[in-house]
Amino acid sequence: TAREAFARILREKRRERGLSQEALADRAGLSTRSISLFEHNHQQPTLSSLEALAHALDLTLTEIVVAIKRERDSPLSSAVIAASRAQRLGRRHVHHP
């Protein structure tokens with residue numbers, strides 16, 4: 001999905017720039033928790049948060065949207081998403097005594 005693609009792209013772009021989640025949060029005026037939630041696909045950003053993230057990463061909104069579309073439409077991406085979902089589902093159902 002686009003949300004999953006955004007989560008991966010955000011993490012990738014942050015790491016490419018050598019930023020920690022805390023450093024990106026500071027640059028974007030957001031909380032570190034928000035960055036973590038976005039990167040783990042537990043929350044989607046508001047438009048204002050997305051604009052702040054784009055600015056903090058020296059990207060335009062168009063560049064982010066194009067990257068999301070490219071990621072989402074990639075055949076390899078579909079396989080990675082399916083494997084990731086299966087892994088997450090497997091973890092949810094594991095019983096630890």
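Analyst: On a 1 Å grid over the protein atoms alone, a cavity is a set of points where a 1.4 Å probe fits but cannot get out, whereas a pocket is an open set with protein on both sides within 12 Å along at least five of seven lines, and lining residues have an atom within 4 Å of a point. Grid points are joined across faces, edges and corners, and a volume is the space filled by probe spheres set on the points. The model is predicted, and for that reason local features need pLDDT of at least 70 and side-chain atom pairs count only at pLDDT 80 or more, while totals for chains, interfaces and linings use all residues. By the cavity rule, the number of cavities of 30 Å³ or more is 1.

User: Which helix gives the most to the lining of the largest cavity?

Analyst: Residues are numbered from 1 along each chain as its sequence is written, and side-chain values use heavy atoms, with hydrogens and water left out. The largest cavity, with a volume of about 30 Å³, is lined by Phe-6, Ile-9, Leu-10, Leu-53, Leu-57 and Ile-64. Helices (DSSP runs of H or I, at least four residues) and strands (runs of E, at least two) are numbered from the N terminus. With 3 residues, the helix that gives the most to this lining is H1.

User: How many nonpolar residues does the lining of the largest cavity have?

Analyst: Ala, Val, Leu, Ile, Met, Phe, Trp, Tyr, Cys and Pro count as nonpolar, Asp, Glu, Lys and Arg as charged, and the others, Gly among them, as polar. The lining has no polar and no charged residues, and the number of nonpolar ones is 6.

User: Which helix gives the most to the lining of the second largest pocket?

Analyst: This pocket has a volume of about 160 Å³, and its lining includes Ile-9, Glu-12, Lys-13, Ile-64, Arg-70 and Glu-71. By class, the lining divides into 5 nonpolar, no polar and 5 charged residues. H1 and helix H5 (61–73) each supply at least two of the lining residues, and the largest contribution, 6 residues, comes from H5.

User: What pattern does the protein follow along the sequence?

Analyst: The secondary structure comes to 6 helices and 0 strands. Read along the sequence, the pattern is α-α-α-α-α-α.

User: What percentage of the protein's residues is buried?

Analyst: Buried means under 20% relative accessible area, exposed means over 50%, and partly exposed lies in between (1.4 Å probe, protein chains only). Of the 97 residues in the protein, the buried share is 31%.

User: Within what arc do the buried residues of H2 fall, seen down its axis?

Analyst: In helix H2 (residues 21–28), the buried residues are Leu-24, Ala-25 and Ala-28. They line one face of the helix, because the arc that holds them, taken from the directions from the helix axis to the C-beta atoms, is 100 degrees.

User: Which helices do the buried residues of H2 pack against?

Analyst: On the other side of H2, Glu-22 and Asp-26 are exposed, and Asp-26 has a relative accessible area of 60%. The helices they pack against are H1 (2–16), H3 (32–39) and H4 (47–56).

User: How far apart in space are Asp-26 and Ala-56, C-alpha to C-alpha?

Analyst: Asp-26 has its place in helix H2. Asp-26 and Ala-56 are 30 residues apart in sequence, while their C-alpha to C-alpha distance is 8.8 Å.

User: Setting aside neighbours within four places in sequence, which residues is Ser-49 in contact with?

Analyst: Ser-49 lies in helix H4 and is buried, with a relative accessible area of 11%. Beyond those sequence neighbours, the residues in contact with Ser-49 are Leu-30 and Phe-38.

User: Is Asp-58 buried or exposed?

Analyst: Asp-58 lies in the loop between H4 and H5, and has a positive phi of about 55 degrees although it is not a glycine. Asn-41, in the loop between H3 and H4, also has a positive phi, near 60 degrees, and counts as partly exposed at 22% relative accessibility. Asp-58, at a relative accessible area of 63%, is exposed.

Technical notes:
Contact means heavy atoms within 4.5 Å.
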